[in-house]
Amino acid sequence: MVARFTGKAALAFLLLAVSFLVINPAMAAVNAHLDRQVIGEGETVTLTIDINGDSSGEPDTAPLERDFEILSRNHSSSYSLINGSVHSNVNWQFTLRPRHSGQMTVPPLKVGQASTQAIALQVKKLAARTSPGGEPSGDIWLDMQIEPKSVLVQQQAIISIKIYQATTLAQAQLTEPAAAHAVIERLGEDKQYQVTKSGRNWLVTERQYAIFPQQSGTLAISPVQLDASVIANAQSFGSPFFQSSRPIRARSNALKLQVNPIPAAWHGANWLPASGLSLTEKWPSAKSFKVGEPITRTITVQAQGQSMSQLPALPELLPDQLKSYPDQPVLKDDKSEQGITGLRRQKTAIIPTAPGTYILPAIEIPWWNVNSGKMETAELPARTFKVTGAVAAVQKSAPPAPMTEAQSQLPQAVAVASNNSTDHTPWRWIAIISLCGWGLTLLILLVNRVRKKQRAGQADDAQSYDRENLNDSIRAVRDACKRNDAKACEKALIAFAGCRWPDGGPGALRQHGGESLVRRVSELEHYLYAPAGSQWHGDELLHAFEQADFHHRAGKAGKSGKCLPGLYPDQQ
């Protein structure tokens, strides 16, 4: 007679069972079996272990790890009292996926003091699909295609992956296509639609990639793999508590892509295979511009079938009297079903420093048209524009020697345009006010210097003060230039000149600074006292200032202890 206890008798049953097990322990009987003995590559198998008797031990699954993936493990326990004897039963279930194909063996597993028997398993190797297409089969089926099937080095090809599913999937994970010596990028979002094939309705998920091979030859693209769980009993009672699942794996076909080398007809500098390329320019609508007025030029390159990283940098060939200040280029990839369209946009501020007629040279970008199989060239034609201004008036107001030297550097056509200028802006008065400002500032610095010397009372203290002020003024020039602060740079230069040449002042800076520094100082003056709209960048002035010859002469004299310290005393 079999007696089972529930409800109020549960406690008494447990006490009786425990006491009986303690008094009458028994060796557990262990049995193991597989739900299938022959499976296909990538399929799973369920290992069940039944333990009757002493169930205190747990199966040691370490021996399984070498040849199998353990995808899940579950166990259940039950107790029964038969004719006064307590019996226990523990059931373990493991979902296994073989790591390779062929004849395999599930090894014996220890459970406490007992162990299971070895079990044979045959895993059939599936024939690899080497070509796309075909009819879907099973519950899940993958297909991978590529177009075109033959390309040039760095030419774009499109990989399309289709996932056919005839059952509900959960936790699906798809690997990405991989190939040596190639760049692969995903395109956009997945698309889903339904088709009927092999007499069944399939839900199709399509995903696309762009691939750019980097060397010629035959390129092998490995299959992609989908791991998921198949939902079973999805309609049972309409509740997820009654649903079960099993893992499933599917692989696609492999692909081969023929990659051809760069054609012999190509003779450009940067290899650029594309299905289309455009080169456009944005230029102000004004017909002429003024000296010091910034001109914003924007050039955009777009290439269909090429990423932004493949687009070449644009040349910066400008006449000497045009200063260019380019922004950081804008790089962007637009992705669609047709592939990648790379974009490079370069915005540059062009500032003319003298009047005249200027010609911006034409810009050419050679590229290979993959549709026609020919080399083509995208071109922006040369652009001509005029610049007017009153540079001649500024030259008359400035000290004659350095300005005449700078003027001699201009082309003859520009000099003629300057002499014929009819600009009526009050440059003469602006120049006079500028010189007065420099003189007044110098006078204040000299008066302060004399007062500090009088308070110090000793020549050595005065010399120490001059050195300290020189170092401070050098730092001030550097900081102002790096911040592009023109007004602060002017003040710092005046302070430097007053310390470096106490008897010469700002005029001595023009006398000893050299041609390059004189030109940059003149540009600074022009920016400060020219009409609004011009721009000034301090990097060129800072470079000329640091390369000026008076620093080297000062360093040599400083070795005798009679001159100023070096340019960067805090770093020595």
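**Cysteines, rings, a helix and a sheet**

Visitor: Quick one to start: is Cys481 buried or exposed?

Guide: Cys481 is buried, with a relative accessible area of 2%. Buried here means under 20% relative accessible area, while exposed means over 50% and partly exposed is in between (1.4 Å probe, protein chains only).

Visitor: What sort of model is this, and how are residues numbered?

Guide: It's a predicted model, where local features need pLDDT of at least 70 and side-chain atom pairs count only at pLDDT 80 or more, though totals for chains, interfaces and linings use all residues. Residues are numbered from 1 along each chain as its sequence is written, and side-chain values use heavy atoms, leaving out hydrogens and water.

Visitor: What about helix H7, how long is it?

Guide: H7 covers residues 486-500, which is 15 residues, and reaches 21 Å from its first C-alpha to its last. That's close to the expected 21 Å, where the expected span is 1.5 Å times one less than the number of residues. Helices (H or I, at least four residues) and strands (E, at least two) are DSSP runs, numbered from the N terminus.

Visitor: How many of its residues are buried?

Guide: 11 of the 15 residues of H7 are buried, so the helix is largely enclosed by the rest of the structure. Among them are Cys489, Glu490, Phe496 and Arg500. Cys499 is buried too, with a relative accessible area of 17%.

Visitor: Switching topic: how many aromatic pairs are there?

Guide: There are 10 aromatic pairs. Rings of Phe, Tyr and Trp (its six-membered ring) pair if their centres lie within 6.5 Å; planes under 30 degrees apart count as stacked, over 60 as edge-to-face and the rest as tilted. Phe289 and Phe385 have ring centres 5.8 Å apart and planes at 85°, so this pair is edge-to-face.

Visitor: Where in the chain do those two sit?

Guide: Phe289 is in strand E23 (residues 288-290) and Phe385 in strand E31 (residues 383-388), 96 residues apart. Both are buried. Ring pairs also join Trp283, Phe289, Tyr358 and Phe385 into a cluster.
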